[in-house]
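Subject: Structure handover

Hello,

Here is the structure I promised to pass on. My notes follow below it.

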Amino acid sequence: MREITVTAENFETEVLKSDKPVLLDFWAEWCGPCRMQSPILADFAEEHDDVKVGKVNVDQQMPLAASFGITSIPTLILFRSGKPVSKRVGLQNADELEAFINE
């Protein structure tokens with residue numbers, strides 16, 4: 001499954017009402033670790049049809065990022081049944097992503 005862009009406008013549909021767990025990546029174009037995280041997440045999304053992977057650009061979606069207390073990026077938040085259940089801050093490799101979604 002491809003990554004999706006999540007915005008304030010589609011957050012409810014894509015995240016809160018998702019029938020799958022959702023892994024949200026809060027990122028910015030100017031962030032070096034975010035650029036390193038991007039291909040890892042793209043591969044992860046392609047390999048996992050059971051998890052929806054979304055990307056939230058913090059510069060374009062400041063109120064959405066603020067609502068989750070995002071102060072450092074990249075920040076990954078895992079949602080299950082529309083609720084945030086876990087958070088990781090910083091670059092995550094493929095093995096760490098696997099462990100994260102299986103917590």
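In which hand does α2 pass α4? The crossing of α2 and α4 is right-handed, meaning that the near helix is turned clockwise from the far one by less than a right angle.

Some ground rules. This is a predicted model, where local features need pLDDT of at least 70, side-chain atom pairs count only at pLDDT 80 or more, and totals for chains, interfaces and linings use all residues. Residues are numbered from 1 along each chain as its sequence is written, and side-chain values use heavy atoms, without hydrogens and water.

**The helix pair**

Helix α2 spans residues 32–47 and helix α4 residues 94–101. Their axes (lines fitted to C-alpha atoms over the stretch in contact) come within 10 Å and cross at roughly 55°. Gln37, Ile40, Leu41 and Phe44 of α2 meet Ala94, Leu97, Glu98 and Ile101 of α4, with contact meaning heavy atoms within 4.5 Å. By class, this contact has 6 nonpolar, 1 polar and 1 charged residues.

**The strands**

Strand β4 covers residues 75–80. Of its 6 residues, 5 are buried (under 20% relative accessible area, 1.4 Å probe), so β4 is largely enclosed by the rest of the structure. β4 pairs (at least two DSSP bridges) with strand β2, residues 22–27, in the antiparallel sense over 5 bridges. Val22 has Phe79 in β4 as its bridge partner.

β4 also pairs with strand β5, residues 83–89, antiparallel over 6 bridges. Leu78 stands opposite Ser86 in β5. The β4–β5 hairpin has 2 residues between the strands, and Ser81 there takes a positive phi near 55°.

Best wishes

Methods:
Axes are lines fitted to C-alpha atoms, for helices over the stretch in contact, and angles run from 0 to 180 degrees between N-to-C directions. Helices (H or I, at least four residues) and strands (E, at least two) are DSSP runs, numbered from the N terminus. Ala, Val, Leu, Ile, Met, Phe, Trp, Tyr, Cys and Pro count as nonpolar, Asp, Glu, Lys and Arg as charged, and the others, Gly among them, as polar. Buried means under 20% relative accessible area, exposed over 50%, partly exposed in between (1.4 Å probe, protein chains only).
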